[in-house]
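Hello,

Here is the structure I promised to pass on. Please open it first, then read my notes below.

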Amino acid sequence: MHSVSLRLRPQPENYDIKIGASLISQLGAETRARLGPESRQAVLISNQTVFDLFGLRAARSLRASGFKVCHWLMKDGERYKSLQSLEQALKFLSQSRVEQK
């Protein structure tokens, strides 16, 4: 597995990007380590194509680490990466009572 350290401006914090086979099975443990024991919810935002490939495995890993998981699927294609899609995603998060802790 390769690891890359990345610094985003103006963020004072670095984080690792992990690249490797089967890392999705570690998503829950990595997320738990990063967010801590108080975090209870995780939301997967994807499109149908990517969710079909990785969504169930991602959700399974997150649930195994104690997260309640829900997902919102946007339409496929660059044209759907828009403010309208963002509005729909935020509405979904609000209706799902997802809170940042």
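**Helix α2**

The buried residues of α2 are F51, G55, A58, A59, S61 and L62. They pack against three elements: α1 (27–35), β3 (41–47) and β4 (68–74). Bear in mind that this is a predicted model.

How does the span of α2 agree with its 17 residues? At 1.5 Å a residue, the helix should span 24 Å. Its end C-alpha atoms lie 23 Å apart, so the two values agree. There is a bend to look at, though. α2 bends by about 55° at F54.

F54 sits in α2, which covers residues 48–64. Is F54 buried or partly exposed? Its relative accessibility is 39%, so F54 counts as partly exposed; buried would need under 20%, and exposed over 50%. F54 also belongs to a nonpolar surface patch, together with V50 and L53. The area of that patch is about 260 Å².

**S61**

Next, a serine in helix α2: S61. S61 has 8% relative accessibility and therefore counts as buried. Which residues does S61 touch, leaving out those up to four places away in sequence? They are I24, S25, Q26, L27 and G28.

**S22**

Another serine deserves a look. S22 is in the loop between β2 (14–19) and α1. Its phi is near 65°. That is a positive value, and S22 is not a glycine. Is S22 buried or exposed? S22 counts as exposed, because its relative accessibility is 57%. The cut-off for exposed is over 50%.

**The salt bridge**

How many salt bridges does the structure hold? The count is 1. The side chains of E78 and K81 form it, at 2.8 Å from N to O. Side chains of opposite charge can pair when their charged atoms come close. Both E78 and K81 are exposed.

**Where to look**

Go on to S61 and its contacts, among them I24 and L27. Then check the positive phi of S22. Finish at the salt bridge of E78 and K81.

Best wishes

Technical notes
Residues are numbered from 1 along each chain as its sequence is written. This is a predicted model: local features need pLDDT of at least 70, side-chain atom pairs count only at pLDDT 80 or more; totals for chains, interfaces and linings use all residues. Side-chain values use heavy atoms; hydrogens and water are left out. Patches are made of residues with over 30% relative accessible area and no salt bridge: like charges are joined within 9 Å, nonpolar side chains (Val, Leu, Ile, Met, Phe, Trp, Tyr) within 5 Å. Accessible areas come from the Shrake-Rupley method with a 1.4 Å probe; for residues, only the protein chains shown count as cover. A salt bridge is a side-chain nitrogen of Lys or Arg within 4 Å of a carboxyl oxygen of Asp or Glu. Helices (H or I, at least four residues) and strands (E, at least two) are DSSP runs, numbered from the N terminus. Buried means under 20% relative accessible area, exposed over 50%, partly exposed in between (1.4 Å probe, protein chains only). The expected span of a helix is 1.5 Å times one less than its number of residues. The bend at a residue is the angle between axes fitted to the seven residues ending there and the seven starting there. Contact means heavy atoms within 4.5 Å.
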